Amino acid sequence: MIDFSSPRHRHKLGYLLIAPALIMMALIIVYPILLSVDISFQDVKIARIGSDRKPFSIENYEWLFTSGEFYNSLWVTVRLLLFVGGTALIFGFACALLLNEKFKGRSFARLLVILPWAVPEVVAVVIWAWMLDSSFGVFNWILLTTGMISEPIAFASDPTSAFFSVCLVMIWKGYPFICIMLLAGLQSIPEEQYQAASVDGANVFQRFWHVTIPNMLPVLGVCFVMTALWVFRDFAIIFVLTEGGPVGSTKSLAIMTFEQSFQFFRMGRAAAVGVITLILCAILSRALVSRFAKSVA
Amino acid sequence: MAKRKNLKPWGVGATVIAICGVVLFPIYWMILTSLSKSTELRSYPPRFLPHDPQWGTFSELLAAHPFDVWFMNSLKIAIAVLVLSLTISVLAAYALSRFRLKGGQSMGLFILTAKMLPGTLIIIPFFVIFRQMGLIGSLWSVVIAQATMIIPFATWMLKGYFDTIPVELEQAAIVDGCSPIGTIFRIVLPVSAPGLAATSLYCFVLSWSDFLFARTFVVTSESLWTLNLGISSLKGEWITDWNIVMAASLMASLPIIAVFLFLERYMVGGLAAGSEK
């Protein structure tokens, strides 16, 4: 038995403690990524997957870059990302600013505002699917009664409406996390900066613009990237709500990957789409790399 | 509080109430629908207030679908994931927080990679691996897959929290004859209860929400279906009994909402500790 309290052996304890995590990460993150890349270069169907190797081929990538399907999915994903990311960020920031004010029942209000975060995605989807029902949904009723539309919207069968219904669910599920992150950020801004600004005669908007915004920019950036990564990878919301339809109008890259793999059983093609998605996500989160590395090491 | 002088408290309060009303409406609508007669659901205009609540919907749900089986499967998975992820993350986070380790930076890279990995990509190699291990059609495949996605971020959250605990506490314990491992369990963990609470909440919410892994690894054996798989199967192609679906959704959300109400107060602090570097 090594005596870990002696200074000579102390660092060994550190490696011992982190070993399970590192081994697990290597086995279930690094190896699978390598395996995916390998599969993406084989023309392989589900029955044969893993049993014997197929010869190396770039056929999957050729198919990918020549099919309109891939570009459609890419475009759907980018639109989702901009729309959901932007709206959820603005709404989440507004909520965080409000909840950062001092008022009675503030902690209870915080609880209520971020409650949708705890609702499972599939549950969120079925609730919205019911509210957006084209014949009996309450959403259509509200829009009709307030005179915003003259006839019910067919959310499930009209491509544009289907896209926006996916956006709605995603924003509803996504803004609470942004709100929590931003609230944590707001609370770490030193009070002295506000006081100094007040002494200099800054009004509430000037203080917001010159104190809050500069302090929050890094956190806002992190939030946007995290939301973007979530939109890029999310599966449950789109799959349960629309299955990527109608006519591919909500088929994001994640949905396309699943469709190719566990519905069409073209594992090689699916892996190729997935690898491209991973690369895009990596590019997207480049800004986060140094930040994470610094905070962890 | 100089900065708050210009904002009227009642204005803030009214805005907060308005926002809560809008964002909580879907949850209210779920509860209301689950208590309605199925015939009422197809009437115009919709009723916005409860009227003659139909508690029978819940027994109808239990009679028509194996809801209890789905529930137990989700619960088993969540507990296993929680134990597995917390054990590994606590040890790793403590090591990262207290030791200058070579390769500690690589953990940061793992965390980021896990955040970037598309779930729909990772299920392909997982499927190959789990099949070789004979885990397809077993709840363990779902547990392992979920833990993969949770451990990196949980480690990051906990590490941030451990960093805020003064080392002197542990040094004092060592001087008093406590072993280094003992200090983790007797000193560090009790002191970091809020951080552990926030991390547990994160684990539980993620595990309870999982749809992709269950959909991929256990969809073929109905006795292993989780709540999310079951509920998604209730949403039919043409006709859907929305009151039943909403009753199932409500019962599936109750545990997570209960845990959330109980642990939420630690969440902001826990995330703040992790993200503010």
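User: Which residues does Val125(A) touch, leaving out those up to four places away in sequence?

Analyst: Val169(A), Ile237(A), Val240(A) and Leu241(A). Contact here means that the C-beta atoms, placed from the backbone, lie within 7 Å. Mind that this is a predicted model, where local features need pLDDT of at least 70, side-chain atom pairs count only at pLDDT 80 or more, and totals for chains, interfaces and linings use all residues. Residues are numbered from 1 along each chain as its sequence is written, with chains lettered from A and ligands numbered from 1 in the order in which they are written.

User: Why is Glu243(A) called partly exposed?

Analyst: Glu243(A) has 14 C-beta neighbours inside 10 Å, so it counts as partly exposed. The rule goes like this: 20 or more other C-beta atoms within 10 Å of a residue's own make it buried, 12 or fewer make it exposed, and in between is partly exposed, with C-beta atoms placed from the backbone. Glu243(A) sits in the loop between α10 (236-241) and α11 (253-263) of chain A, and its phi is near 55°, positive although the residue is not glycine.

User: And what makes Phe265(A) partly exposed?

Analyst: Phe265(A) has 15 other C-beta atoms within 10 Å, so partly exposed is the label. Phe265(A) also has a positive phi, about 60°, without being a glycine, and belongs to the loop between α11 and α12 (267-284) of chain A.

User: How many helices and strands does chain A have?

Analyst: 13 helices and 0 strands.

User: What makes up the largest nonpolar core?

Analyst: That core has 175 residues, and Val125(A), Val166(A), Cys179(A), Leu182(A) and Ala248(B) have the most contacts inside it. To qualify, a residue must be a buried Ala, Val, Leu, Ile, Met, Phe, Trp, Tyr or Cys, joined to the set through C-beta atoms within 7 Å. Helix α7 (residues 159-187) of chain A gives the largest share of this core, 17 residues.

User: How many residues do the chains put into their contact, and what kinds are on the chain B side?

Analyst: Chain B puts in 98 residues and chain A 89. Helix α12 (residues 242-275) of chain B supplies the largest share of the chain B side, 17 residues. That side splits into 64 nonpolar, 22 polar and 12 charged. Nonpolar takes in Ala, Val, Leu, Ile, Met, Phe, Trp, Tyr, Cys and Pro; charged is Asp, Glu, Lys and Arg; the others, Gly among them, are polar.

Methods
Contact = placed C-beta atoms within 7 Å. Helix = DSSP H or I, 4+ residues; strand = E, 2+ residues; numbered from the N terminus.
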